[in-house]
Amino acid sequence: MSTDRLEQLKTFHEEDPEDPFTRYALAQEHLKHDNASRALDLFEELVETDPDYVGTYYHLGKLYERLDRTDDAIDTYAQGIERAREEGTQKDLSELQDAKLKAEGVGFD
């Protein structure tokens with residue numbers, strides 16, 4: 001079933017390569033299939049082309065952490081925090097602040 005979902009998302013992406021939701025979903029699906037490299041490409045591209053798609057910052061930061069790129073993760077969370085403030089998305093702001101603090105090791109064992 002999940003391979004079908006990946007193929008379906010690829011088709012959607014081919015039909016509308018600029019749609020941020022499709023690119024976001026495709027990146028998430030690549031992560032599920034252990035294709036971190038492709039997910040990374042999609043997330044990084046999405047942050048560049050659609051910086052207001054705030055949810056991307058959290059997932060890109062988590063992927064950077066998974067790849068032992070902590071400094072990149074912290075920078076990404078900081079960018080996301082700034083965007084979330086601009087957009088007024090409180091839930092995203094809280095999640096990004098929490099993730100950034102954890103990545104920095106502040107207040108956590």
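Start by selecting K62 and E65: the two form a salt bridge, with their closest N and O atoms 3.6 Å apart. (A salt bridge here is a side-chain nitrogen of Lys or Arg within 4 Å of a carboxyl oxygen of Asp or Glu.) Why do they line up? K62 and E65 are three residues apart in helix α4, so about one helical turn separates them. Helices are DSSP runs (H or I, at least four residues), numbered from the N terminus. Color by accessibility and K62 comes out partly exposed at 32%, while E65 is partly exposed too, at 26%. For those labels, buried is under 20% relative accessible area, exposed is over 50%, and partly exposed is in between, using a 1.4 Å probe and protein chains only.

Before you click on, keep in mind that this is a predicted model, where local features need pLDDT of at least 70 and side-chain atom pairs count only at pLDDT 80 or more, while totals for chains, interfaces and linings use all residues. Residues are numbered from 1 along each chain as its sequence is written, and side-chain values use heavy atoms, with hydrogens and water left out.

Next, pick K91 and E95, another salt bridge, at 3.0 Å from N to O. This pair sits in helix α6 (residues 90–104), four residues apart, again about one helical turn. K91 is exposed at 60%, whereas E95 is partly exposed at 32%.

How many salt bridges does the structure hold? Twelve. One of them is worth a zoom: D52 with R83, at 2.8 Å from N to O. D52 is in the loop between α3 (36–49) and α4 (55–66) and R83 is in helix α5 (residues 70–87), so this pair ties together parts 31 residues apart in sequence. D52 is partly exposed at 42%, and so is R83, at 25%.

Last stop: show helix α2 (residues 20–32) and α3, whose axes come within 8 Å and cross at roughly 155°. (Axes are lines fitted to C-alpha atoms, for helices over the stretch in contact, and angles run from 0 to 180 degrees between N-to-C directions.) That angle makes the two helices roughly antiparallel, a label for anything over 145 degrees. To see the contact (heavy atoms within 4.5 Å), select residues including Y24, L26 and L31 of α2 and L42, F43 and L46 of α3.

Conventions: Angles under 35 degrees count as roughly parallel, over 145 as roughly antiparallel, 65 to 115 as roughly perpendicular and the rest as oblique.
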